[in-house]
Amino acid sequence: MIRIVKMTFAPEKVATFLQNFHASKSDIRSFKGCLHLELLQDQHTPNIFFTYSFWESEDHLNHYRESPLFKAIWSKTKILFIAKPEAWSVERQVMLD
């Protein structure tokens, strides 16, 4: 399962978000069921970011979202937003060759 989350931050809060993300990315990547985690930044609107993560299953993602780790990270992240985050859970339909 692939999870994509779009986050729009106040421009002056981007540095804080990046510092927090880099401090916690190893913990997220090592969480049971997380297979991959990337952070992407919009090329034209630099205060918009996306997390792109692969999970073994929706249950693994939900376990992470209910964990103390997620709650600690999210409490630091949500106060930096200027727009409501958006999230999608998707499945790959065609593999790249």
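Trp55 touches Met1, Arg3, Phe31, Lys32, Gly33, Cys34, Leu35, His60, Leu61 and Tyr64, leaving aside residues up to four places away in sequence. The model is predicted. Trp55 also belongs to the largest nonpolar core, where it is among the residues that touch the most other members. Strand 3 (48-55), one of the elements that give two or more residues to this core, lies in an open sheet of 4 strands.

**Nonpolar core**

- The largest nonpolar core holds 18 residues, and the ones touching the most other members are Met7, Phe9, Phe17, Ile28, Phe49, Trp55 and Tyr64.
- Two or more residues come from each of strand 1 (2-8), helix 1 (14-29), strand 2 (34-41), strand 3 (48-55), helix 2 (58-65) and helix 3 (68-77).
- With 4 residues, helix 1 gives the most to this core.
- In soluble globular proteins, nonpolar side chains tend to be buried together.

**Aromatic pairs and cluster**

- Across the whole structure, a search finds 11 aromatic pairs.
- One of them joins Tyr52 and Phe54 edge-to-face, with 5.3 Å centre to centre and 70° between the planes.
- Tyr64 and Phe70 also form an edge-to-face pair, at 5.3 Å centre to centre and with 75° between the planes.
- Tyr64 has a relative accessible area of 7% and is therefore buried, the cut-off being under 20%.
- Phe70 has a relative accessibility of 17%, so Phe70 counts as buried too.
- One aromatic cluster is made up of Phe9, Phe17, Phe21, Phe31, Phe49, Trp55, Tyr64, Phe70, Trp74 and Phe81.
- Trp55 and Tyr64, both in that cluster, are in contact.
- Phe31 is another cluster member that Trp55 touches.

- The 4 strands of the open sheet are ordered 2-3-1-4, with antiparallel pairing.
- Strand 2 and strand 4 (86-90) are the edge strands, each pairing on one side only.
- From one strand to the next, the twist averages 15°.
- Strand 2 and strand 3 run antiparallel and are joined by 7 bridges.
- Leu37 stands opposite Ser53, a residue of strand 3.
- Strands of a sheet pair through backbone hydrogen bonds, either parallel or antiparallel.

**Helix 1 against the sheet**

- Helix 1 lies across strand 1, strand 2 and strand 3.
- The angle at which helix 1 runs to strand 2 is about 165°.

Terms used
Residues numbered from 1 in each chain as written. Predicted model: local features only at pLDDT ≥ 70, side-chain atom pairs only at ≥ 80, totals over all residues. Heavy atoms only, no water. Core = buried A, V, L, I, M, F, W, Y, C linked by side-chain atoms within 4.5 Å. Buried < 20%, exposed > 50% of the residue type's maximum accessible area, 1.4 Å probe, protein only. Contact = heavy atoms within 4.5 Å. Phe/Tyr/Trp six-rings, centres within 6.5 Å; stacked < 30°, edge-to-face > 60°. Pairing = 2+ DSSP bridges. Axes fitted to C-alpha atoms, helices over the stretch in contact; angles between N-to-C directions.
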